[in-house]
Each structure stands twice: as structure tokens, then as C-alpha cells.
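Thank you all for coming. I would like to walk through one protein model with you this morning, so please keep the sequence and the picture in view while I talk.

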Amino acid sequence: MEYFAENIFWWHWIVLGIVLIASEIILPSFIIIWFGIAAVIVGSIDYIFQTTFTNELFLWAIFSALLLGSWLKFFKRDEIVSRVGQSEGEYKNTSGVITEDLNDGRFRAHFELPILGDRVWIVESQNREKLSVGDKIKVSKVYGQIVKVFKIEGE
């Protein structure tokens with residue numbers, strides 16, 4: 001640790017920060033940039049206050065965590081615009097009717113609107129409620145080739 005305390009200067013932190021910020025061009029994750037900005041801040045603090053290497057590492061870890069945490073919490077947006085094709089997608093609450101009992105808790109159902117391009121799907125009850133042919137149902141979730149549904153009462 002003595003080696004670093006004697007041989008790491010404030011401008012090393014600035015150079016490390018610039019290298020990390022520039023590496024964001026090659027690795028576009030928008031995560032590395034926060035470590036680079038933290039290194040530039042630590043270099044600036046070291047230039048003004050002449051801190052020890054241990055304190056510089058501590059400050060770098062703190063600033064990195066604060067900047068990255070702030071980015072993830074306040075600025076990063078949900079990248080999913082449309083949830084079509086996902087289990088929580090636009091198929092939720094699509095109505096249908098059970099047309100055939102396939103035994104072992106599975107049924108064939110016909111839906112009003114196509115789900116992933118087809119109106120006929122194999123379905124299972126979401127809440128283990130008892131279903132039978134002719135029951136009106138709505139989609140709860142889509143799990144691959146099985147559609148989870150719940151029974152509609154009184155429609």
C-alpha cells in the first residue's frame with residue numbers, strides 16, 4: 001500500500017477517469033461512465049486536499065456507488081415500450097370460451113381476439129378453480145404454449 005501512496009498522484013485519477021469515460025464508446029453500457037466520472041472527482045479532490053491513497057479508494061467507491069445508483073434510480077427509463085408477446089402483455093384480459101376438456105386440468109379454448117396469432121389455445125386455470133366446457137374465461141398470463149386463465153362469473 002505504501003507503493004501506491006507514494007506513486008499514485010492526483011492526475012492518475014484524472015487519466016483513469018478519462019480512460020473509463022472513453023471506454024464507454026467501445027463498451028456502450030452507460031455504466032462505466034459513472035466510474036470514470038467518480039475517478040475524475042477523486043482526482044480533483046486529491047489535487048485540492050492531498051488525500052491518502054486509502055481515502056482516495058474509499059471516495060472513489062462511494063462516488064461510483066452514488067452516481068451509478070442515482071442513474072439507475074432516477075434517470076434510467078423502462079426500455080420496454082410494448083409488452084406484446086410477453087406474459088404480462090396486451091393479451092391480458094382477452095375473453096374466450098372453453099370448447100373442449102383435455103383432462104388433467106387442461107382445456108382447449110377459443111378466444112375473441114388472436115393471441116400470438118391464433119384464436120385457439122390450450123389453457124389452464126390460474127387459481128386452480130374448476131373449469132368446464134362452455135365457461136367464459138379471460139387471459140391471466142401466457143406461459144409459452146400454455147395460457148393461464150380465470151373464470152368469468154355472470155357475463
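Asp135 touches Gly96, Val97, Ile98, Lys130 and Lys151, where residues up to four places away in sequence are not counted and a contact means heavy atoms within 4.5 Å. Before I go on, please keep in mind that this is a predicted model, in which local features need pLDDT of at least 70 and side-chain atom pairs count only at pLDDT 80 or more, while totals for chains, interfaces and linings use all residues. Residues are numbered from 1 along each chain as its sequence is written, and side-chain values use heavy atoms, with hydrogens and water left out.

Where does Asp135 sit? Its place is in the loop between β3 (118–125) and β4 (136–143); helices (H or I, at least four residues) and strands (E, at least two) are DSSP runs, numbered from the N terminus. Asp135 counts as buried because its relative accessibility is 12%, and the cut-offs are under 20% relative accessible area for buried, over 50% for exposed, and partly exposed in between, with a 1.4 Å probe and protein chains only. A polar atom of the Asp135 side chain also lies 2.8 Å from the backbone nitrogen of Ser132.

Let me step back to the whole chain. The protein has four helices and five strands, and along the sequence they follow the pattern α-α-α-α-β-β-β-β-β. Of its 155 residues, 30% count as buried. Among contacts between residues at least 6 apart in sequence, 43% join residues at least 24 apart.

Now to the interior. In soluble globular proteins, nonpolar side chains tend to be buried together. A nonpolar core here is a set of buried Ala, Val, Leu, Ile, Met, Phe, Trp, Tyr and Cys residues joined through side-chain atoms within 4.5 Å. The largest such core has 14 residues, of which Phe111, Ile115, Val123, Ile137, Val147 and Val149 touch the most other members. At least two residues of this core come from each of β2 (106–115), β3, β4 and β5 (146–151), and β2 gives the largest share, four residues. If we follow Ile115 and leave aside its neighbours within four places in sequence, we find it in contact with Tyr91, Trp121, Val139 and Val142.

And what lies on the surface? Phe9, Trp10, Trp11, Val15, Val19, Tyr47, Ile48 and Phe49 form a nonpolar patch there, with about 870 Å² of accessible area together. Patches are made of residues with over 30% relative accessible area and no salt bridge, like charges being joined within 9 Å and nonpolar side chains (Val, Leu, Ile, Met, Phe, Trp, Tyr) within 5 Å; a salt bridge is a side-chain nitrogen of Lys or Arg within 4 Å of a carboxyl oxygen of Asp or Glu. Accessible areas come from the Shrake-Rupley method with a 1.4 Å probe, and for residues only the protein chains shown count as cover. Helices α2 (10–26) and α3 (32–49) each supply at least two residues of the patch, and the largest share, four residues, comes from α2. Phe49, whose place is in helix α3, counts as exposed because its relative accessibility is 61%.

Finally, two backbone details. Gln50, in the loop between α3 and α4 (53–75), has a positive phi of about 50° although it is not a glycine. Asn103, found in the loop between β1 (95–101) and β2, has a positive phi near 70° and is likewise a residue other than glycine.

Key
A polar contact is a pair of N or O atoms within 3.5 Å; within protein, one must be able to donate a hydrogen and the other to accept it, and residues adjacent in sequence count only if both atoms are side-chain atoms.
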